[in-house]
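User: I am new to this structure and would like to learn how to read it step by step. Could you take me through a few features, giving the general idea before the case at hand?

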Amino acid sequence: MSDHSAALAGCPLSLNAQVQPWVERLVARADALRVQVRHDESGARIVDAGIAAPGSIEAGLLVGEICLGGFGTVGLRSGAADGWPSWLEVRSSQPVLACLASQYAGWSLAASKEETGGKKFFSLGSGPARALAAKEKLYDELGYRDRADRGVIVLEVDRAPPAVVVQKILRDCGLQPGGLTIVLTPTSSAAGTTQVVARVLEVALHKTHELGFRLDHVVDGVATAPLPAPSPDGVEAMGRTNDAILYGGRVHLSMRGSDEAARSLAAQLPSRNSKDYGRSFAEVFKAVEYDFYRIDPALFAPAEVWVSNLDTGSTFHGGALNMELLRTHWLQEA
């Protein structure tokens with residue numbers, strides 16, 4: 001397989017222009033969604049979806065769609081399928097644009113103690129505003145950059161970003177303060193857990209890219225993953241959201257090209273190809289002393305994959321769910 005380095009070259013679609021109705025819906029329904037909206041000292045709009053505000057699963061569903069730039073849907077379905085009562089379903093007919101150019105948490109935003117006047121800050125920014133700044137090598141590979149006078153970024157944090165980070169976002173995105181919305185979703189919150197599990201399709205697209213598969217051949221994507229209860233413990237909360245994808249994530253990709261490539265992708269993509277497979281993410285994370293870069297990259301993948309080749313009509317399958325592991329860690333029988 002050979003990576004096509006400009007899968008979005010010439011793409012006329014604007015993530016930040018497309019997503020604005022979703023952002024305004026989040027703000028307009030703040031009370032109903034249990035989120036809080038304010039403006040910081042610069043004038044940028046801050047949406048608290050789980051720090052001081054309680055947030056909600058419904059807010060997380062909407063934040064998930066905002067992360068996708070409005071080019072995907074995130075829904076909740078109930079029923080004890082495979083032994084768990086609540087599942088997220090993510091769909092996109094622009095999966096490379098929605099997942100890699102927007103939803104992927106790839107923009108490193110940091111500030112030192114000296115810059116903040118107190119505690120250092122770090123977050124990986126996700127969502128449409130990433131494509132305005134285009135600070136990541138990924139945008140050169142995709143051949144895409146957005147232009148808009150309004151933008152939105154999502155930070156998975158338990159405190160608001162300091163002024164120096166807000167100024168960096170504004171500067172790098174070329175935005176005026178009134179054009180920026182920052183959504184805050186700690187993983188330990190209902191909205192935070194929901195919007196992270198809603199990355200199940202994005203995890204598959206990122207792994208597809210890492211494997212060198214031609215992204216311009218990926219046409220459509222549908223994915224599901226079980227939604228766990230959020231944990232008040234930060235490491236446990238992060239572990240549950242990752243496990244939901246690594247052991248409970250199902251992805252169906254539609255692509256064009258050869259059956260050989262489709263078969264290879266279905267075989268290589270699932271998380272069971274990792275040497276760390278079989279242990280909870282929290283356990284793996286603790287074992288590497290909380291250093292993400294020591295975790296086997298092959299682990300960051302959905303559990304089960306179908307790849308359909310639209311040129312031949314063939315479908316290939318790889319991996320399997322491991323609901324026993326999830327139930328062991330998530331469930332206590334009454």
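**Reading a predicted model**

Analyst: Let us begin with a single residue, bearing in mind that the model is predicted. Arg34 has a relative accessibility of 46%, and it therefore counts as partly exposed, a class that lies between buried, under 20%, and exposed, over 50%.

User: How should I read a pair of helices, and at what angle do H3 and H4 cross?

Analyst: For a pair of helices one asks how close the axes come and at what angle they cross. Here the axes of helix H3 (residues 57-67) and helix H4 (residues 95-103) come within 9 Å, with a crossing angle of roughly 95°. Because angles from 65 to 115 degrees count as roughly perpendicular, H3 is roughly perpendicular to H4.

User: Which residues make the contact between H3 and H4?

Analyst: On the side of H3 the contact is made by Gly64, Ile66 and Cys67, while H4 contributes Ala98, Ser102 and Gln103. Sorted by class, the contact of H3 with H4 has three nonpolar residues, three polar residues and no charged ones.

User: How many helices and strands does the chain have, and why is it described as compact?

Analyst: The secondary structure of the chain comes to 14 helices and 12 strands. The chain has a radius of gyration of 19 Å, close to the 20 Å that the globule rule gives for 334 residues, so it is as compact as a globular protein of that length. Along the principal axes, its C-alpha trace spans about 55 × 55 × 35 Å.

User: What share of the residues is buried, and what can be said of the contacts and the surface?

Analyst: Of the 334 residues of the chain, 54% count as buried. Among contacts with a separation of 6 or more, 74% are between residues 24 or more positions apart. As for the surface, the accessible area of the chain comes to about 13900 Å², and 49% of it belongs to carbon and sulfur atoms.

Technical notes
Residues numbered from 1 in each chain as written. Predicted model: local features only at pLDDT ≥ 70, side-chain atom pairs only at ≥ 80, totals over all residues. Heavy atoms only, no water. Axes fitted to C-alpha atoms, helices over the stretch in contact; angles between N-to-C directions. Helix = DSSP H or I, 4+ residues; strand = E, 2+ residues; numbered from the N terminus. Parallel < 35°, antiparallel > 145°, perpendicular 65-115°, else oblique. Contact = heavy atoms within 4.5 Å. Nonpolar A, V, L, I, M, F, W, Y, C, P; charged D, E, K, R; others polar. Rg over C-alpha atoms; globule rule 2.2 N^0.38 Å. Buried < 20%, exposed > 50% of the residue type's maximum accessible area, 1.4 Å probe, protein only. Areas by Shrake-Rupley, 256 points an atom, 1.4 Å probe, with all protein chains shown as cover.
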